[in-house]
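User: Could you take a close look at one part of this model for me, the pocket and its lining? I'd also like to hear what goes on elsewhere, salt bridges included.

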Amino acid sequence: MQIEKNADNTKKADNVKKLDNNSQIILALQEGNIMIKPEGYSMYPLFVPGRDMAVITKADITMLKRGDVVLYRRWDSSGILVLHRIVQITKEGFYMVGDNQTHIEGPLQAEQIHGKLIEIIRKGKSISVENIVYRVLSWIWLCLRPIRRPISVVIAFIKKKLFYK
């Protein structure tokens, strides 16, 4: 592959297949840690869209465990990358759930998993996933999966009463 500069000083590569953003992220993970801004609310309250960043490293499948947050590619027509928490690992594969969801997705195969969350950047401050407070809170939240919906409804009601009088 030969890369050259155009007249407007942008780089141009001839005979190169264009990669979608998801593929570029997967390739970047092969070279080292990446930082992404998760979109959507499936991992709320861990990630607030537009505010929080995720630092992802290449996943070592043999070291993954229940509670880890991983970046995986869906094998459906969307092919999107998703950042969700492992709820269970069996011989059939990995089962995932978003922190703001109750539906479990899976089994996913090891080759679908590309990265693992190692750090959260919130308001400029770094929070390691090894931090004991993070670990305890995420474990509790994972255990509360069956009753997350009622908890979320109560929290939304309290926020509405406190902040929107």
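Analyst: Sorted by residue type, the lining of the largest pocket comes to 14 nonpolar, 6 polar and 3 charged residues. Bear in mind that this is a predicted model. The volume of that largest pocket is about 490 Å³. It has 23 lining residues, and those closest to the pocket centre are K37, P38, E39, L81 and V82. As for secondary structure, α1 (21-31) and β6 (81-90) each put at least two residues into the lining. β6 is the top contributor to the lining, with 4 residues.

Now to the salt bridges. Searching the whole structure turns up 7 of them. Take D68 and K116: they pair up with their closest N and O atoms 3.8 Å apart. That one reaches across distant parts of the chain, since D68 sits in the loop between β4 (52-58) and β5 (69-73) while K116 belongs to strand β9 (residues 113-122), 48 residues apart. Both D68 and K116 are buried.

Then there's R74 with E105, whose side chains form a salt bridge at 2.9 Å, N to O. R74 is in the loop between β5 and β6 and E105 is in strand β8 (residues 105-108), so this pair ties together parts 31 residues apart in sequence. R74 has a relative accessibility of 22%, so it counts as partly exposed; the cut-off for buried is under 20%.

R135 and E130 make another salt bridge, with 3.0 Å between the closest N and O atoms.

Last stop, the surface. I132, V133, V136, L137, W139 and I140 make up a nonpolar patch there, and together they have about 610 Å² of accessible area. One of them, V136, is part of helix α2 (residues 132-143). V136 counts as partly exposed because its relative accessibility is 41%, and that clears the patch cut-off of over 30%.

Note on methods: Residues numbered from 1 in each chain as written. Predicted model: local features only at pLDDT ≥ 70, side-chain atom pairs only at ≥ 80, totals over all residues. Heavy atoms only, no water. 1 Å grid on protein atoms, 1.4 Å probe; cavity = no way out; pocket = protein on both sides within 12 Å on 5 of 7 lines; lining within 4 Å. Points joined across faces, edges and corners; volume = space filled by probe spheres on them. Nonpolar A, V, L, I, M, F, W, Y, C, P; charged D, E, K, R; others polar. Patch = residues over 30% accessible without salt bridge, like charges linked within 9 Å, V, L, I, M, F, W, Y side chains within 5 Å. Areas by Shrake-Rupley, 256 points an atom, 1.4 Å probe, with all protein chains shown as cover. Salt bridge = Lys/Arg side-chain N within 4 Å of Asp/Glu carboxyl O. Buried < 20%, exposed > 50% of the residue type's maximum accessible area, 1.4 Å probe, protein only.
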